[in-house]
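Student: I would like to go through the salt bridges and pockets of this model. Can we take them one by one?

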Amino acid sequence: STELSVLVGGVMAVVGLTCFAASSWASTMNRQHALASFLTSANGLVILILATAGQVVQGFAVSGIMLLYIFGFVSRTRFVFALVRTVVIAIGFGLVWVSYVGSESLLMDAFFLATASVGSLVGLRLIERNRRRVWHQRLVIEEQSAAIEMERAESERLLLNVLPAAVSKRLRQGENPIADDYPSVTVLFADIVGFTAMTSALSADEVITMLSGLFSMFDDLVAERGLEK
């Protein structure tokens, strides 16, 4: 029994060092869960081996395995990895049950193991489903926020296209009505000589482009002199 314990301890030390060395490989959540499930499965099999060697399978083996299940539940192991781990441990327990020569029945232990296995799997499945639902909701919210931001930017662009920036800002802040008093103003009436004849030879796009350029030059002159249009 002592030799078996030393052998199992040595094997688990190698397994632990291997998992530690592979920790840099576990750069994704799936790899981390796979590594944790592998280590948990190995620990579960070790518990069964040592309990069999010490003739304490009845009561002690399943208790130790349930602690591993609690660890897997707390660490939120993904369902698929938890399922593989459960199957491995269940096969190990089945082999122990077949080779068991003690006087006590393992039926109650099998019941507790099955209950713990199903309970942990169902709990992890529900947690995983809830996490996916939350992730999906967050994704939808982010997409909606991005769409709203794009609409807001487009609305602001349209406002700035027809209103001065200061007026547009006050309009967005909810000011209504927007009216200012000025003690001195200048009214400019301007006409484009030959506009009708000129535009008759231009397309609509060309007319709009010309007028836009003209108004932009007026805007630049107003901004350059610090005036309010």
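Student: Which residue forms a salt bridge with Glu-128?
Tutor: A salt bridge here is a side-chain nitrogen of Lys or Arg within 4 Å of a carboxyl oxygen of Asp or Glu. For Glu-128, the closest N and O atoms of the pair are 3.9 Å apart. The partner is Arg-125.

Tutor: Two notes on the source. This is a predicted model, in which local features need pLDDT of at least 70 and side-chain atom pairs count only at pLDDT 80 or more, while totals for chains, interfaces and linings use all residues. Residues are numbered from 1 along each chain as its sequence is written, and side-chain values use heavy atoms, with hydrogens and water left out.

Student: How are Glu-128 and Arg-125 placed in helix α5?
Tutor: Helices are DSSP runs (H or I, at least four residues), numbered from the N terminus. Glu-128 and Arg-125 are 3 residues apart in helix α5, so the separation is about one helical turn.

Student: Is Glu-128 buried or exposed?
Tutor: Buried means under 20% relative accessible area, exposed over 50%, and partly exposed in between (1.4 Å probe, protein chains only). Arg-125, at 33%, is partly exposed. Glu-128 has a relative accessible area of 10%, so Glu-128 is buried.

Student: Which residues are linked in a network of salt bridges with Arg-125?
Tutor: Arg-125 is part of a salt-bridge network.

Student: What is the N to O distance between Glu-156 and Arg-152?
Tutor: Both residues lie in helix α5, 4 residues apart. Glu-156 is partly exposed at 22%, and Arg-152 is partly exposed at 40%. Their side chains meet in a salt bridge, N to O, at 2.9 Å.

Student: What is the volume of the largest pocket?
Tutor: On a 1 Å grid over the protein atoms alone, a pocket is an open set of points where a 1.4 Å probe fits, with protein on both sides within 12 Å along at least five of seven lines. A volume is the space filled by probe spheres set on the points. For the largest pocket this is about 740 Å³.

Student: Which helix gives the largest share of the lining of the largest pocket?
Tutor: Lining residues have an atom within 4 Å of a point. The largest pocket has 20 of them, with Phe-218 and Val-222 among those nearest its centre. The largest share, 7 residues, comes from helix α8.

Note on methods
Helix = DSSP H or I, 4+ residues; strand = E, 2+ residues; numbered from the N terminus.
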